Structures are given as C-alpha cells and as structure tokens.
Amino acid sequence: METLLGTDLNYAAALLRAGELVAIPTETVYGLAGNGLREESLRRIFEAKGRPLSNPLILHFASAAHLAGYVRPEAVPAAAHTLLAAFSPGPLTLLLPRELAVVPDMVTAGLPDVAVRIPAHPLLRELLVRLDFPVAAPSANPFGYISPTLPEHVLRQLGGRIPYILDGGPCQAGIESTVVGFGPAGEPVVYRPGAISLEMLQAVVPETRLRTAAEKAQRAASPGLLPFHYSPHTPLQLFGPGLVEVPAFDPTVTGALTLRDPVPGLPLNQQVVLSPGRGDLAEAAHGLYAALHRLDGLGLRQLLAERLPQTGLGVALNERLEKAAAR
C-alpha cells in the first residue's frame, strides 16, 4: 500500500467513512484515526500499531455538544463540565460513563468509562465537523515506540500500512493529552499526566488530585497506563536532574538528551538540548519526541536522558522518559 501525505480534508473524510485509517494531526501528537463506532476500523487500528486490545482508545469529537449520545449525561460529574469549559478544545481527555449501546467495547476494552477529547488543531477540527461519527485515534506509531510529532515520523513508522497522512505540520504541545477520571466524590483524578499540568487543573478545580497507589494497582482504566511506552530502539538510561552524576559513557557510541546544558565531553552532534540556557518546560515538551526520534536514528549504542524538574509539565515529561527507559 502506498501512503500519501497531504492536506485534502475531503479525501481524509472519505477514507474514514469507508472504514480506512488516516493519520491525523493534533496539538499533542499525530494520531492514527479510524471510525470510532465501526469494529472493522477499530480492529485495523490495533493491528496497524500492534497495540493490545486491552489498552483503551480515545474518541475525538468536534465539540462538547457532540458528546451527547455517547456518554450518560446524568452520570457526568459537575467537575467534568467545569474542566471541559476551561480546557476544551485542547489537550484534555476525560473518562466519562459511556452509553453502552453506542460506544463499542473495543474502544473501552470493555470498561464502563470512555475516554473522550475535543482536540484544538484547526485542521482536525474541520475534519471532525465533516464526519457524523467520532474518530478513535491513539498515537500514530508502532505500539511502544516514540510518539510522532511530525508527519515524517508517521511516514517512517507506518508508511505502507495506512493510505493517508493528513499533514498539519509540527504538533505544538508535543506530548499527549492529560487524562482525567473522577473519584468517588466526583473529584477529578489525573490518570495520565500530560500537556495540561496538575497545577493548571487545580487552579480550576482545587480538589483535583493524582491517582493513589491503590488506584494505580487496579486494571488499566485509560490509555497510556502501561509500564513502558514512548521507547527508542536504542537503550535509554536516565540521570539527574542536572548534570551531576552523569553515568560513565563512551563518547563514540553515546547520545544525550538534556534540558538546558549539553553533557561535557560528548560530541554536540550526538546531543539534543531541549531548551538551551532557559530550561523552559513547554519548549522541552514541544521538542521531546522529535529529539528522541533524532537521537534514535544516529545508530548509537546508548542514550542518556536528564530527568527534569518534578513540577508543572516536568511531571508529564519525566513520566514519558521513565517509561521510555523501562525496557
């Protein structure tokens, strides 16, 4: 199969209506989209990625109004409406009680809640308006590998497996959406840290919290909760934060990913500094996956990555790095 790349919304919509898969741009990462209500399309997503069926998918909608009929309105916590008003469209995914007769079990891995998101990317929003169904769209990469933030990443990883990549340019946020479920009292619970930080959520709903250890031990109830993910083929080792305690390395076969300063003694062409001199975490998030793709393509034997400050977006970035180093 030849994989085409372009900006033809009519062609992308026609493919999705026919049950085919299309790689789509979002403000977070590129997604692998299929008809979220059609089992054949959903199965193609899992097969193209090599993704286990036990890992739920996210349904993408054009607006909050389009959620009607897919979630049970009487069971949606008040805090969910508050968060939707504050952060959607945008990189927020909510776990809401699904309409069992409408949302396929394959989307939720048989669980009662469905992950829903209203993306902000203008090209994707226009595509969603043209469809009469939501699209299911995990990241457009082989399961477990680095998420794609450029159309070229998708072409290199899934070229020949899908017919079309909708080219929306570089993804702005650069890491996946924040996934939020709800606790026994209706309080927001962060299941997956992402492009909206815990502090940002708490500024809107102060009761927002992270999952407890007991909740983490339960069956994965949302996308992005497996212990390894986002991994380059080159073995990755973490250090820091800061450039103290950098592991011993052979400079001829080692690459490095750091926040603001390069690793002394390592060739600069084997390093990526995410936010030179500034240490800006939003800039670091924007460039994280592209940096990992670049370093993984150098043919080195090991990669070193600096842990980032455990605050704000640093929490989500460190979670990605820890999972990338876990296998």
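Q: What does "buried" mean when we talk about a residue here?

A: Buried means under 20% relative accessible area, exposed means over 50%, and partly exposed is what falls in between. Keep in mind that this is a predicted model. As a case, take Arg320 and Glu319: both of them are buried.

Q: What kind of interaction do Arg320 and Glu319 form?

A: The general idea is that a salt bridge pairs a side-chain nitrogen of Lys or Arg with a carboxyl oxygen of Asp or Glu, within 4 Å. In this case, the closest N and O atoms of Arg320 and Glu319 are 2.7 Å apart, and the two residues form a salt bridge. Glu319 also has a salt bridge with Lys323, at 3.0 Å from N to O. Like Glu319, Lys323 is buried.

Q: Where do Glu319 and Lys323 lie, and how many residues apart are they?

A: Both lie in helix H10, which covers residues 313–324. They are four residues apart, about one turn of the helix.

Q: How many salt bridges does the structure hold?

A: It holds 13. One of them joins Arg278 and Glu283, with the closest N and O atoms 2.7 Å apart. Check the accessibility of each partner here. Arg278 has a relative accessible area of 51%, so it is exposed. Glu283 is at 28%, so it counts as partly exposed.

Q: Which residues are linked in a network of salt bridges?

A: Look at Glu20, Arg38, Glu40 and Arg44, which are linked in such a network.

Q: Let's move on to rings. How many aromatic pairs are there?

A: The structure holds three. Among them is the pair of Tyr11 and Tyr164, which is edge-to-face, with 4.9 Å from centre to centre and 80° between the planes. Tyr11 sits in helix H1 (residues 9–17) and Tyr164 in strand E8, so this pair ties together parts that are 153 residues apart in sequence. As for accessibility, Tyr11 is partly exposed because its value is 33%. Tyr164, at 3%, is buried.

Q: Why is the pair of Tyr230 and Tyr289 stacked?

A: The angle between the planes decides it: under 30 degrees counts as stacked, over 60 as edge-to-face. The planes of Tyr230 and Tyr289 are at 25° and the ring centres are 5.9 Å apart, so this pair is stacked. It links distant parts of the chain, 59 residues apart: Tyr230 is in the loop between helix H8 (213–216) and strand E12 (236–239), and Tyr289 is in helix H9 (residues 281–296). Tyr230 and Tyr289 are both buried.

Q: Which side chain makes a polar contact with the side chain of Ser177?

A: That's Thr93, at 2.8 Å. Leaving aside residues up to four places away in sequence, Ser177 touches a set of residues including Thr28, Ile58, Pro91, Leu92, Arg117 and Arg192.

Q: Where are the cis peptide bonds you can show me, starting with Pro89?

A: A cis bond joins Ser88 to Pro89, with omega about 0°. Pro89 is in the loop between helix H3 (78–87) and strand E5 (92–97). The bond from Gly240 to Pro241 is also cis, with omega near 20°. Pro241 is in the loop between E12 and strand E13 (254–258), and that loop holds Glu245 too.

Key. Residues are numbered from 1 along each chain as its sequence is written. This is a predicted model: local features need pLDDT of at least 70, side-chain atom pairs count only at pLDDT 80 or more; totals for chains, interfaces and linings use all residues. Side-chain values use heavy atoms; hydrogens and water are left out. A polar contact is a pair of N or O atoms within 3.5 Å; within protein, one must be able to donate a hydrogen and the other to accept it, and residues adjacent in sequence count only if both atoms are side-chain atoms. Contact means heavy atoms within 4.5 Å. Rings of Phe, Tyr and Trp (its six-membered ring) pair if their centres lie within 6.5 Å; planes under 30 degrees apart count as stacked, over 60 as edge-to-face and the rest as tilted. Helices (H or I, at least four residues) and strands (E, at least two) are DSSP runs, numbered from the N terminus. Buried means under 20% relative accessible area, exposed over 50%, partly exposed in between (1.4 Å probe, protein chains only).
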